[in-house]
Amino acid sequence: MAEARANNPAVMRGRHDFPEISGRIGSIVLDGRLPRHFWTAFFLCFLLVLLLLYSITYLIAVGVAAYGIDIPVAWGTMISNFVWWIGIGHAGTLISAVLLLLRQPWRASINRFAEAMTLFAVAMAGLFPILHLGRPWFFYWLLPLPNVHMHWPQWRSPLVWDFAAIATYATVSLLFWYMGLLPDLAVLRDRARSRPAQLFYGILGLGWRGSAYHWSRYQVVYFLLAALATPLVVSVHSIVSLDFTFAITPGYHSTIFPPYFVAGALLSGFAMVLTIAIPLRWAFSVEDLITVRHMENAAKLMIAAGMVVAYGYVSEAFFAWYSGEPYERAMMAQRALGPYAPLFWTMLGLNCGVLQLLWFKGIRRNMPLLFAIAVAINIGMWIERYVIVVTGPSRDYLPSAWGEQSLTWLDFGILFGSIGTFFALVFLFIRILPAITIFEVEELAEEQGKLK
Amino acid sequence: MSLYGLMAVFADPEALVVAARGMRERGYRRMDAFSPFPMKELDAILEIPKTRLPWIVLAGGIAGAALVYGLIWYSVEVDYPINVGGRPLHSWPPFVVITFEAGILGAAFAGFLGVLAANGLPRYHHPVFNAESFSYARGGKFYLLIEAADPRYRKGVTKGQLTRLGAKAVEEVEA
């Protein structure tokens, strides 16, 4: 046990006291004296927000043909961006809900920004199916609203399920996140010295006063929300994968998809957690609250999820061959050797090859290297989504209609625009709300006897 | 200005637990504790009843699922039945997916709104905020409130008892 402890970096380093914890986390928000590189990075993200707005305007004005899709490949980057962003959101829910249920103390200092990451990723994801519609202003037809057409949504369609799943996921994530924020908003309300800040945090804090009666109900419901979010997160990405598997297109029609998509979501999601957390802990000098242990655990979860993804790749290829279906086999061969082969092999190299470096403890604890691996996995997972989306329809059952799609500036304008908007939202979140959960870190310090 | 109660400040959670237990043993019933993070020990000492909110969450989940399944059933059987090649109108398996999502949504809303309603939040003001010492600004401070409405409450006596139980400061709180 002692040896295990010596080998494992602590969840929390050093000794702390309550005023120091609430002061350090709260002052990031209230004093607003953020380092210059914070605003420089925010400005760069803001340029990408403008790029996104321009790209969306262009897309709606000109039509969906302006980006790379073409018959027979009518699903393009809008769908792969959507799947990728939703997947990134899932790790946030996993950290905040599943690790809460498993009572893992190391979640306490990273759950807040992981939940924020979920919200912003889902907000980005929600854009893409709507942009993909061609006539985005009719998206409300997916809702069972009384309308002049006197029709109902097609309840048997995965696209309608998808809409319900994403809307539910966004709403439940928001409720869970806000509930976790309440006690911290009360701390900020009491710390704030300027009248506008007192009003802002006071109203958001809903008059929370930390009564023992309130805490006892709060904890029961917080755990229940976590228990609800856990099956929800699995159902959401399973339903996303049903968008594909319900089609009889080769490469889409596969029963491995739901678990394979969920594992892929966790892989890309944990990669994004590391992509944000490593610069965050460095920039705000909170290396003693978000420790190497957190980063290492996230890396271990990445390799666990990544091996399931690798199994998914193998299973897809095996069942394409085992089906005995010539078109399934042709699609798989074309995926590896056809026009999209460079992307396919890059994907394998990143998601299965580079990932293996995480088996080594020295690499897991080397922050710059871990950051580089996380970024590589993010790229690999985007390529995976793209390869899945386009290779199926490009090699369909009618060889005379085989064809490819291209990537235009608009594909990248919208993708990088959405990445910039996501990070701009993360920056605003760090500026406005406490990015580390004050009350849980205090509780952790108390439980672990790390008090001065 | 009437008196709401006495607010005692403690420096650490153990002192609060000791004091709450001590005041309980002295027969006080109308009291409340305030802490920056949840403290399980207080539930037993203050005899906080087990919350019925899990049943509200369950009811919310069932209501959400039933409402949406009912809506789907109504749309396919009653309002807009379309016969597609003689397939059944009420083909339930695909309807389960949205019903499940609606159940989760209903349960989550019931839990979130339920906990706010049960705690009487949002609330514009509460007498405890009248206490000068009551603030979470500096993080961990722990408070015990004895209401003036408690039958055992005697101004000087109660204050003395709180001080002997280790309170750093005791303050009168106006209603």
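Let me start with the open sheet of chain B, whose four strands are arranged in the order 2-3-1-4 with antiparallel pairing, where two strands pair if DSSP finds at least two bridges between them, and where strands (E, at least two residues) and helices (H or I, at least four) are DSSP runs numbered from the N terminus. The edges are formed by strand 2 and strand 4 (169–174) of chain B, each pairing on one side only.

Please bear in mind that this is a predicted model, in which local features need pLDDT of at least 70 and side-chain atom pairs count only at pLDDT 80 or more, while totals for chains, interfaces and linings use all residues. Residues are numbered from 1 along each chain as its sequence is written, and chains are lettered from A and ligands numbered from 1 in the order in which they are written.

Within the sheet, strand 1 (residues 3–10) and strand 3 (residues 142–147) of chain B run antiparallel and are joined by six bridges; B:M7, for instance, has B:L145 in strand 3 as its bridge partner.

Turning to the two chains together, 50 residues of chain B are in contact with 47 residues of chain A, contact meaning that C-beta atoms, placed from the backbone, lie within 7 Å. Strand 2 (31–34), helix 2 (41–45), helix 3 (53–79) and helix 4 (92–118) of chain B each supply at least two residues of the side that touches chain A, and helix 4 of chain B gives the largest share, 15 residues.

Finally, A:V273 touches A:A91, A:I95, A:A114, A:M117 and A:A298, leaving aside residues up to four places away in sequence.
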